[in-house]
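Please read them alongside the coordinates.

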Amino acid sequence: MDHGKSTCPKGFSDSTIHVDVKDYYGKRLKKTSDLKTNACVAPVQPTPDFIRQALKKVHPEITARYYGCGLVVPECLEGCRILDLGSGSGRDCYMLSQLVGEKGHVTGIDMTDGQLELARTYVDHHMKEFGYKKPNINFVQGYIEALTEAGLENDSFDVIISNCVVNLSPDKRLVLTEAYKVLKDGGELYFSDIYSNGRLTEEIKNHKVLWGECLAGALCWKDLLQLAEKVGFSSPRLVTASVITVDNKELQDILGDFKFVSATYRLFKVSKENTKNCKVIYNGGITGAEDSFQFDCQYTFMANEVVEVDGEVANILTRSRFAEDFTFQPLGGPTGPCGVKPKAGIEDPFELALKLGVQGPASTTGGCCSTQSAGCCK
């Protein structure tokens, strides 16, 4: 069967970085243990039971070729159309295929022939395993900087995910621009990636192995905030972060004092309006988050609890797929016995990682960044 085979888009050509990344992930890496750092394998949060069960149904060969850097599973996915940027072996796609159900759909896009061939090989196997009458998944060959050239339509996806892939692109602004175009109004880009505490040197950015290990292409976290705004997204909402360690002395010597984190952000395609603060009540209807829903590191909504949110979050909740899961009240209206005031948010992923105390499994370092270099994007 044809499960989304296509040729590479003609209007976009390989850069030297694209060629090197294809070689690294298509030929040099054969299994997760071949990686030289924990940048691409560090889990950020415990995996919920319903996701663990979904992952158990993914074929072992697919899982063995998985190189993600975090858990990229946003909430409220039933019936959604999802796009996975840099889908690789297809592990996340096959897991998401179960979460969206037969009425939803998952598309994976990747530029690496070997990874795509592996992902497509097991489509029929997984559809039989999931009990689906017809595939709700397809894999497309193309570049994350050229989604429309790969045949993906504008305003066609509810959610875009990406797992440790954006850093592999030499043009992050183009990646965000293309993602914005193919998202529906109210849609979300939910992605985990690697960020640095400063703008990297040319020596680091030209190092082939460090590119493949997801470090040489890392954005300074402050630059992400600026890029998202320029493209048109809402301000990035930081969900979680963990420290990345490099236990390879040769690579660490090249990196010097630069520090890295794996961080998960949510960006929404919503109109930027001057929405006022309001009070919201989470109705508890999201699968896997019936008692509480962690929207980001600032807001965790307990079911049936009144919470005051800032205008930006109110705008996102009312215009996204989460609207039906909340009851909205103006400030000063009837609120019930109590209300939770909004707390200050955290923008710096290094600060959040330090606060959470989350560090990669192979770590031998104690802190996440030095005083002199933390958050210094100059």
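1. H2 and H4 are oblique to each other. The model is a predicted one. Helix H2 spans residues 49-56 and helix H4 spans residues 91-100. They pack at an angle of about 120°, and their axes are 9 Å apart. The crossing of H2 past H4 is right-handed.

2. Which residues make the contact of H2 with H4? H2 contributes Phe-50, Ile-51, Ala-54 and Leu-55. H4 answers with Arg-91, Met-95, Gln-98 and Leu-99. By class, that gives six nonpolar residues, one polar and one charged.

3. H4 also packs on helix H6, residues 123-130. Here the angle is about 30° and the axes are 11 Å apart. H4 and H6 are therefore roughly parallel to each other, given that the cut-off for that label is under 35 degrees. H4 passes H6 in a right-handed crossing.

4. From H4, the residues that meet H6 are Tyr-94, Ser-97 and Gln-98. On the H6 side they are Val-123, His-126, Met-127 and Phe-130. This contact divides into four nonpolar and three polar residues, with no charged ones. Note Gln-98: it is listed in the contact with H2 and in the contact with H6.

5. Next, the sheet. Three strands make an open, antiparallel sheet in the order E12-E9-E13. Strands E12 (306-309) and E13 (326-330) stand at the edges. Each has a single partner strand, so one side of each has no neighbour in the sheet. Neighbouring strands are turned by 30° against each other on average, direction ignored.

6. How many bridges join E9 to E13? Five, with strand E9 covering residues 278-282 and the two strands running antiparallel.

7. Two backbone points deserve a look. Most residues other than glycine have a negative phi. Cys-76 has a positive phi, near 65°. Asn-304 also has a positive phi, of about 65°, and is not a glycine.

8. Are these two residues buried or exposed? Cys-76 lies in the loop between helix H3 (60-64) and strand E1 (81-85). Its relative accessible area is 17%, so Cys-76 is buried. Asn-304 sits in the loop between strand E11 (300-302) and E12. With a relative accessible area of 61%, Asn-304 is exposed.

Methods:
Residues numbered from 1 in each chain as written. Predicted model: local features only at pLDDT ≥ 70, side-chain atom pairs only at ≥ 80, totals over all residues. Heavy atoms only, no water. Axes fitted to C-alpha atoms, helices over the stretch in contact; angles between N-to-C directions. Helix = DSSP H or I, 4+ residues; strand = E, 2+ residues; numbered from the N terminus. Parallel < 35°, antiparallel > 145°, perpendicular 65-115°, else oblique. Left-handed = near helix turned anticlockwise from the far one by under 90°. Contact = heavy atoms within 4.5 Å. Nonpolar A, V, L, I, M, F, W, Y, C, P; charged D, E, K, R; others polar. Pairing = 2+ DSSP bridges. Buried < 20%, exposed > 50% of the residue type's maximum accessible area, 1.4 Å probe, protein only.
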